[in-house]
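Hi,

Here is the structure I promised to pass on.

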Amino acid sequence: MKIERVVKKFYDGLAERKIYARKCKECGAIEYPPRYACNTCGYHETEWVELSGKGKLHSIIMPASLNADPWNAKIGPYCYGLIELEEGVMFNGTIFGINKKRAKKLREKLPIAIHPLFADKDGFTTLFFEVDEEELEGK
């Protein structure tokens with residue numbers, strides 16, 4: 001088995017504004033964040049795939065003092081939430097543009113469309129999300 005540095009490909013992709021995951025060659029499950037082995041079937045061979053970054057936000061959790069991130073607060077209001085990308089992967093992420101007042105209104109419309117937001121943070125590119133306002137207007 002050839003082992004490569006997973007984090008290098010992943011972070012190089014973010015710098016190029018691309019989201020990479022690993023897809024199982026046995027069952028087709030997608031691992032994000034990327035891992036070598038499949039968590040669905042346990043198979044050891046996976047391959048790189050690019051994700052669209054488009055998806056749905058299923059929950060909104062406002063940061064509290066113990067989990068707040070001062071760097072994020074410099075950019076603007078944000079929350080945490082359960083994200084499901086159109087390729088089927090689910091994970092917790094950070095969503096910008098949502099304060100407590102807006103969170104209350106948006107919770108009534110969940111799930112809501114989101115798209116990726118790439119930001120340079122401490123010398124590397126990282127992935128956040130924001131609400132897709134055009135789709136939200138249609139709800």
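**What I found**

The largest nonpolar core is made of 26 residues, with Tyr32 and Ile98 having the most contacts inside it. (A nonpolar core is a set of buried Ala, Val, Leu, Ile, Met, Phe, Trp, Tyr and Cys residues joined through side-chain atoms within 4.5 Å; buried is under 20% relative accessible area with a 1.4 Å probe, protein chains only.) Apart from it lies another core of 6 residues, including Trp71 and Phe96.

Before you go further: this is a predicted model, where local features need pLDDT of at least 70 and side-chain atom pairs pLDDT 80 or more, while totals for chains, interfaces and linings use all residues. Numbering starts from 1 along each chain as its sequence is written, and side-chain values use heavy atoms, without hydrogens and water.

Back to Tyr32: leaving out residues up to four places away in sequence, Tyr32 touches Phe10, Ile19, Tyr20, Ala21, Leu51, Val89, Phe91 and Leu127 (contact means heavy atoms within 4.5 Å).

Tyr32 also turns up at the largest pocket, where Tyr32, Asn92, Gly93, Thr126 and Leu127 lie nearest the centre among 18 lining residues. (On a 1 Å grid over the protein atoms alone, a pocket is an open set of points where a 1.4 Å probe fits, with protein on both sides within 12 Å along at least five of seven lines; lining residues have an atom within 4 Å of a point.) Strand β8 gives the most to that lining, with 5 residues (strands are DSSP runs of E, at least two residues, numbered from the N terminus).

Cheers

Notes:
Helices (H or I, at least four residues) and strands (E, at least two) are DSSP runs, numbered from the N terminus. Buried means under 20% relative accessible area, exposed over 50%, partly exposed in between (1.4 Å probe, protein chains only).
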